[in-house]
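Let's take a friendly look at this structure together. Keep the 3D view open as you read.

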Amino acid sequence: MAFASHNSKNGLHASRLDRPLSVNSMKSLASSPTALTPTSTRPKSAAPGSSSVQRRNGTGAQKSGKDDSGVSGRVRVAVRLRPRNAEELAADADFADCVELLPELKRLKLRKNNWDCETYQFDEVLTETASQKRVYEVVAKPVVESVLEGYNGTVMAYGQTGTGKTFTLGRLGEEDCADRGIMVRAMEDILADISPEHDTLTVSYLQLYMETVQDLLAPERDNIAIVEDPKTGDVSLPGTTLVELKDQKSFLELLQTGEANRFASNTKLNTESSRSHALLLVNVKRSAKNKQEKDFVIHNENGNSVHVSKGHRVPTIRKSKLLIVDLAGSERVDKSGSEGHQLEEAKAINLSLTSLGKCINALAENSPHVPTRDSKLTRLLRDSFGGTARTSLIITIGPSPRHRGETSSTILFGQRAMKVENMVKLKEEFDYKSLCRRLEAELDKLIADNERQAQAIFDGEEDMERKLEEAGTRVAEAESKVAAALEVISKEKQRQQKELVEMMQNLQIERAHRERLELELRENVQDLQDKKKKQIYAENEKHQKEIRDILEQHQQEIKDVQTRLANECGQRERLEKELHEANICLQQSKEILEPENIHKEELSDLKQMLEKECELRQQAERELDAFKREEKKLTNGITEKNDIGEIWVLKKRLEQELLEREKLEDEIKSLKQQLLQVHVDAEEEAILQRSRTIGKGSSARSSGGSNSTISLHTPSNMKDTINGQRATIAKLFEQVGLQKILSLLESEDVDVRVHAVKVVANLAAEEVNQEKIVEAGGLGSLLTLLQSSEDETIRRVAAGAIANLAMNETNQELIMAQGGIGLLARTADDAEDPQTLRMVAGAIANLCGNDKLQIKLREEGGIRALLGMVRSRHADVLAQVARGIANFAKCESRGAAQGYRTGRSLLIEDGALPWIVANANNEASSIRRHIELALCHLAQHEVNAKDVVSGGALWELIRISRECSREDIRSLAQRTLNASPTFQAELRRLHVTY
Ligand code: ADP
Ligand code: MG
């Protein structure tokens, strides 16, 4: 018997058939050397829209035969031959079977007749003795395993009614467990493999009859719609009952229920199981966790994208379906019409099976159009043929030659089905829900963590803020402290800088000062040296000049002295001559007249000259002493200056001077002796005259204007002499004439003027002459002399003459009227000569005794002039001053007593009191007596009492009242003290008992 050419006609050729369904399958199929490998494959693309598809290389795995992932997606077809049943055994006992199986070669021989047969290659050839277990393992188990791995799987039985489809698939094996069919065994394997905790197993049991889907588990659902996913093309039956299975028992019950419902339904519909298709749909949902190696994006069913990060365990779920289809008898396709079935039923059965056949043919022939949608069966089997499922078809045949045609068409169906190439795909998808739940859980956890962290951050922030505030406060405090410290430092710095600057300035000033001082020092040293040199030189020069000047002066003075001496000598000689002549005349006059007065006059002059000479000598001695001192000084100075030569010369000159002076002194001495002789002679003459004029003089004195007027104090011996002279002069006056004498006062010759004034003075001493002199204008001439003359002698004598004239009250008024007070005051201020001052003081003292003239006297400065003369300290001068004060005080006292005088003493007002107090107890009685009298007069009047007390005169008054030698003054003081309330009060205050 040759191999059927059918295979070659369909592009098939006999070859080893690798079973890629499973390892087990491969093992079982490996022993089949006759397995056919389809020559043409129909590449299938993944269903559009299917997600997470794991493609399998359908061709590569076939070659190696080692790929257990089911590389080949070709529909696997096994053929099973039913043993002869009792009828066939009886009826066909004489006939051989129409088929011959070559299971080792997986070939089947179909006898056409006694001499012809056709050989077909199948994936598995199961003989009539093949056990149910073996059929399961060969046909269904690879599919079941594939379903458990996540692939869809289909196990379908095709064959003539009564050939054992239901026997093969649906036998429960209740009586004999070896009879258990594919459904039961498949479920056993599935239940054994899945995890009840993680996996889900649900089962639906349906029947398709007359293009109507009926739920065998809920027979009332007899028109269940088939729903196709427009994207994936997956078919689902949403209306069916899904029974979740946990164990085998419940499955068996489910099958029984389904069979019972199918039987009841068929009975009701007046049909039988062979006219309907039974479909057991097993849904296996298994979770699988895979760790992703990298980030990727997945798209869910709604088209939204989900980003899955690397390293995240993405839950996946595998939803696979196992479809076990027990088809209606295939004979119906051919016999539906001929056997008188109702048209509709026949159409329906025919439609489904015919459509299935057409689809198989189309798929087998790689036809571009597969009429899947022509019937519900093909729609339900869309994934099983030409889809993604792993499909195993078992065709059942009977041995009877009577059904040879049916058997042949079944075999052909199987042969065509073997050409159908499926593209198995792993039904794995992401478990969005699980992922979502897990992500939500993680999200919740993250949210909770986030909340806690936020709270912690919030707490931390609060804590931080509080700490920041504290830190800020501390920083502020520190900053303020730092600022204060900085301020202090700054102030201190400024102060120090200021001090530094000041110190620097002071230093600079000091330095400059020091430099300046050094410079000045140097300059001073230099200057000093220069000056010292110059000074020494100048002093030297000066000393030399002084010495020269002094020497010259000295020489000049010596010359003068010599000249004077010569003059004196000449004069002396002349006088001697005159004396001689006078003597002669005297002798002659003794005989004739009384010519001695002239000589007396001359003698008086000579005496005055002698006195003058004595004064000059004394002056020369003083100057000599001064020269000596000067010499000594110069000697010292010059010695230091080593100018001994000059000194030596000076010494020599001085020695000469001394010699000359001694000579002069000798001359003066001899002159004095001569003069003494003359004086003795004159004395003798004076004694003579005094004896004659004594009576006259006393009468003149007593007849003075005022009894209280105190006359000039003149030494008694000289007074006598003067009186003598006056007498002589009176004679001369009578002989020469007053007018002539007064005219001599205006002579150009000084000597004449001197002599003339002396004569006038002598005349004025006599009261009798005074009126004549005044009448002749002598007072005016004397005042003019006092004013104009520069000669001291003239001024002195003139003042004396005025003083004498001032003894007369009338003359006093004349003197005042002719401005005599002013002249006397000026002379008192200017003169230094004590005798001149004595005369002036005497004149003023006389004027002070005139009551009428007191005011004018004071106004013209008489009292001030009087007091000014105390500077002289000469006793005669002071005595006249005291007399003047006493006269003035007595006049004031009289005026006050008589009531025409009021007010404080003008003496006190002119400041006389201090002098009065100071001299009230002067040792000179002539001064003291006048002052005591003056003080008593002042104190007599209460207006002066306060001044007396404050000026310290009270004590003097007390002393006067106790000690005064003159009783009248003493008693006057006592009366005064007792009479004055002021003095009494003061004495009481001082607790002085009087
Ligand atoms: P079909 O479902 O194809 O119409 P069945 O399964 O109902 O056929 O089988 C018809 C009869 O044949 C049944 O009585 C069954 O027991 C019997 N039968 C079928 N196949 C076998 C087999 N391989 N061994 C023994 N008996 C079988
Ligand atoms: Mg059946």
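## Around the ligand

Now look at the backbone. Polar backbone atoms of T163 and G164 each lie 3.0 Å from an oxygen atom of ligand 1, and for F167 a backbone N or O atom is 3.2 Å from a ligand oxygen. Taken alone, ligand 1 exposes 550 Å², and the protein buries 64% of that (areas by the Shrake-Rupley method with a 1.4 Å probe).

## Two helix pairs

Two packed helices are described by the angle between their axes and the distance between the axes. Helix α5 (residues 132-149) packs with helix α7 (residues 182-193) at about 45 degrees, their axes 9 Å apart. That makes α5 oblique to α7, and their crossing is right-handed.

Helix α27 (residues 875-898) and helix α30 (residues 925-939) pack at about 20 degrees, with axes 8 Å apart. They are therefore roughly parallel (angles under 35 degrees; over 145 is roughly antiparallel, 65 to 115 roughly perpendicular and the rest oblique). The crossing of α27 and α30 is left-handed.

## About the model

This is a predicted model, in which local features need pLDDT of at least 70 and side-chain atom pairs count only at pLDDT 80 or more, while totals for chains, interfaces and linings use all residues. Residues are numbered from 1 along each chain as its sequence is written, chains are lettered from A and ligands numbered from 1 in the order written, and side-chain values use heavy atoms, leaving out hydrogens and water.

Definitions and conventions. A polar contact is a pair of N or O atoms within 3.5 Å; within protein, one must be able to donate a hydrogen and the other to accept it, and residues adjacent in sequence count only if both atoms are side-chain atoms. Axes are lines fitted to C-alpha atoms, for helices over the stretch in contact, and angles run from 0 to 180 degrees between N-to-C directions. Helices (H or I, at least four residues) and strands (E, at least two) are DSSP runs, numbered from the N terminus. A crossing is left-handed if the near helix is turned anticlockwise from the far one by less than a right angle, and right-handed if clockwise.
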